[in-house]
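Please read the following note with the sequence and the model open side by side. The points below are numbered so that each may be checked in turn.

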Amino acid sequence: MLTTATVEEASQQASITRKTAYKYLNDPLFKEAYRDARRDAMQQVTTTLQTTSVKAVHTLAEVLDDKDATASAKIQASRSILEFAYRAIELDDITARLEELETTITN
């Protein structure tokens, strides 16, 4: 189910009926294992995104510094950098507030 777009495709690949696939999806143990597998897959994607994000920022900076880049390319690079910077600050603020709330609740 992790590698297909639909339950029907997954059931065909697993050589089970669609009805059986849906039974699995309603089984609490299967649901938990499936959720864990999906979470693991997304953690791998997130790690890849994080490691390549530094390269992406360098690329945007190169566009800003490129004297031959068009004005629109420089503006788009600037917008992207500023947007991501603001999002990072917002995320830090939200994380700090959440930590404060958790501390307040647990004490």
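**Note on the helices and selected residues**

1. Leaving aside its neighbours within four places in sequence, T4 is in contact with E9, A10 and Q13, where contact means heavy atoms within 4.5 Å. T4 lies in the segment before α1. Its relative accessibility is 13%, so T4 counts as buried; the cut-offs are under 20% relative accessible area for buried, over 50% for exposed and partly exposed in between, with a 1.4 Å probe and protein chains only. The side chain of T4 also reaches the backbone oxygen of T6 at 3.2 Å.

2. The model is predicted: local features need pLDDT of at least 70, side-chain atom pairs count only at pLDDT 80 or more, and totals for chains, interfaces and linings use all residues. Residues are numbered from 1 along each chain as its sequence is written, and side-chain values use heavy atoms, with hydrogens and water left out.

3. Helices are DSSP runs of H or I with at least four residues, numbered from the N terminus. Two packed helices are described by the angle between their axes and the distance between the axes. The axes of α1 and α2 come within 9 Å and cross at roughly 110 degrees; these axes are lines fitted to C-alpha atoms over the stretch in contact, and angles run from 0 to 180 degrees between N-to-C directions. The angle makes α1 roughly perpendicular to α2, a label given to angles of 65 to 115 degrees. V7, E8 and S11 of α1 meet R18, A21, Y22 and L25 of α2. These residues divide into four nonpolar, one polar and two charged; Ala, Val, Leu, Ile, Met, Phe, Trp, Tyr, Cys and Pro count as nonpolar, Asp, Glu, Lys and Arg as charged, and the others, Gly among them, as polar.

4. What lies in the loop between α1 (7-14) and α2? S15 has its place there. S15 has a positive phi of about 60 degrees although it is not a glycine. With a relative accessible area of 67%, S15 is exposed.

5. Helix α2 (residues 18-26) also meets α3: their axes come within 5 Å and cross at roughly 85 degrees. The two helices are therefore roughly perpendicular to each other. On the α2 side the contact is made by Y24, L25 and N26, and on the α3 side by P28, F30, K31 and Y34. By class, this contact has five nonpolar, one polar and one charged residues.

6. Y24, F30 and Y34 form one aromatic cluster. Rings of Phe, Tyr and Trp (its six-membered ring) pair if their centres lie within 6.5 Å, and by this rule the count comes to two aromatic pairs. One of them, F30 with Y34, is stacked, at 6.0 Å centre to centre and 15 degrees between the planes; stacked applies to planes under 30 degrees apart. F30 and Y34 are four residues apart in helix α3 and so are separated by about one helical turn. F30 counts as partly exposed, at 25% relative accessibility.

7. T70 is found in the loop between α3 (28-65) and α4 (71-106). Is T70 buried, exposed or partly exposed? With a relative accessible area of 47%, T70 is partly exposed. Its side chain makes a polar contact with the side chain of S72 at 3.2 Å; a polar contact is a pair of N or O atoms within 3.5 Å, and within protein one must be able to donate a hydrogen and the other to accept it, while residues adjacent in sequence count only if both atoms are side-chain atoms. A polar atom of the T70 side chain also lies 3.1 Å from the backbone nitrogen of A73.

Notes: Rings of Phe, Tyr and Trp (its six-membered ring) pair if their centres lie within 6.5 Å; planes under 30 degrees apart count as stacked, over 60 as edge-to-face and the rest as tilted. Angles under 35 degrees count as roughly parallel, over 145 as roughly antiparallel, 65 to 115 as roughly perpendicular and the rest as oblique.
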